[in-house]
Amino acid sequence: MNMHRPRILPVGERAVLVEFGLDISPGIQARVSALDQALTAANHPAISEWVPTYRSLLVHYNPLMITVGELTYWLGDLAHQPVQAEEVLRRRVTLPVLYGGELGPDLLFVAEYTKLHVEEVVRLHSGTDYLVYMLGFLPGFPYLGGLPPALVTPRLSTPRTSVPAGSVGIADRQTGVYPLNSPGGWQLVGRTPVQLYNAHREQPFLLSPGDLLRFKSVTADEYLEAEQQVQAGHYQPLVEEGVKYEQH
Amino acid sequence: MSSIKVITPGLLTMVQDEGRSGFQRFGVPVAGVFDRFAALTANLLVGNEQSAAVLEATFMCPTLQAECTLQAAITGGVSCATLDGKSIPQWETFTWQAGQILNMGSVSAGARVYLAISGGITVPLVMGSRSTYVRAEIGGYQGRRLQKDDLLPIKMDGVVPIEPRRLPMAFRPALIGEHVLRVVLGPQDDYFTGEAIQSFLSGEYKVATASDRMGIRLQGPAVTPLNPDIVSDAITYGSVQVPKDGQPIIMGPDRQTTGGYPKIATVLEQDMNTLAQAKPGDLVRFVLISVEEAQEVASNTSNYYRGIRKILLGEIAGREYAIKLDGRTLYSFCEQLS
């Protein structure tokens, strides 16, 4: 159980950083998620926005409405509750992925490098929940934790100039999905037709920090059907509420 | 509804408003105008709400043609704009007749020039804002900088002409190419030795050519962090990141939402306006203040802006004076009490 009081540091005159630790761990992230949820519930009038990241939360506030001392005290109270990592209730999003072939051009390389059969790579990659630690670098780009160690593969020595949106990749100990077309050095193992980001949707972003993400291996036919539904605007991804994160 | 046609787009001209907030947790940069004082004033000069979208032009400014008669104002850096060839002053409301060509010129002092139009530039809202974030093609005019023949939509319904307004000289920024920036230390000041922090606070830095809306890069005394990386956390406007080479970068409107370099200090939001007018070669110095002093600055700034608004709206009467001292001219504005 993580009982330490967080560090609360001023960041200029309009933000404070609530820092729960210096490492990446589900236990520390659970405290970030807990504070995230508590801030949403509290709806403090002087707080305009807050950004959860791996091990801290940056809270933006109006300095004309509250002093840094008052805010620090208030946040300290809100943030010091001990949280069991396993107790945090999360939202799990499942993405259909067509692994390999043209959409996953590096799947064979990953299998060779990790000395696993292709089917084993797919089974391991799609057999676990990943924790969304934060979004950054590009709008909607998830930083995921929990890649099975057996799948660790170095990134491409020469990045591609353009990786299609929806591409699912592995790079060192990270795995993730590209929300936009972008240059990238990840090993591409498959693709999802689901749009992680669509500026014109009512909820533009499918994933939020603290969510869980699962990949589901589908057939080419299932992929095409999902893609058609996405393009027609009525694809409903599988989203489950109240899920607990279990690390294997 | 009407529009403004882009005859020549300039170097980097974009639609911006106060920025896109509420989506940083999803990795969406805030963007928005760089010189908030210039943009706010420009909007006040044409009777707009503070939140109205304006054009931000950099160094080489655009040439535009209005399709209907409207009121406009140009603020920010000095650029010698002309309307159908006739010189028009900055920091004042002017009438732009239908068909007239506004050549916004090129910047001779400062870096960025702002154009506000009565009723605002009404490109569609994306995630609640009209700001352009070019890297992800979000918002503004089709998610990009302006190009020749673009048609900027402007509102006409409900826009009532105002009595022309003018910002007194005393309130216009000096644009001298030197930027003294007040900073609050942290949040990763513990990644730097006492000597490094002293070096940072007493050093003279130059703005590097590679500077842009994402960050103002500085060249000067190296401030080497004890550890070159942090586990990525969130960045704010004015964060001073220091990579391994010890050359500080001050994060601007298009900064990414998270970063992995240690942050030695944060520049006061109010002092970022002067940085918006920084060009390569300009000098930058940092001055340490406490977070309490910084909050007082925020409060004083708010009062200052309230005063400027009253002056522009004619709620405060006053007179301007030019004071010549040792070959320099200083300007003052004195409120008339009776």
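A salt bridge is a side-chain nitrogen of Lys or Arg within 4 Å of a carboxyl oxygen of Asp or Glu. The model is predicted, so local features need pLDDT of at least 70 and side-chain atom pairs count only at pLDDT 80 or more, while totals for chains, interfaces and linings use all residues. Residues are numbered from 1 along each chain as its sequence is written, chains are lettered from A in the order in which they are written, and side-chain values use heavy atoms, without hydrogens and water.

Select A:Arg7 and B:Asp190 to begin. Their side chains form a salt bridge, at 3.4 Å from N to O. Across the interface of chain B and chain A there are 3 salt bridges under this rule.

Next, display the whole interface. Here 39 residues of chain B are in contact (heavy atoms within 4.5 Å) with 43 residues of chain A. The buried area, which is the accessible area (1.4 Å probe) that two parts lose on being put together, summed over both, is about 3,300 Å², and carbon and sulfur atoms give 60% of this. Now pick B:Arg25, B:Phe26 and B:Gln295: these supply 23% of the area that chain B buries against chain A, more than any other three residues.

Finally, turn to chain A, where 4 strands (DSSP runs of E, at least two residues) form an open antiparallel sheet in the order S1-S2-S4-S3. Strands pair if DSSP finds at least two bridges between them. The edge strands are S1 (7-11) and S3 (47-52) of chain A. Within the sheet, 5 bridges join S3(A) to S4 (residues 56-61) of chain A, and A:Val51 stands opposite A:Leu58 in S4(A).
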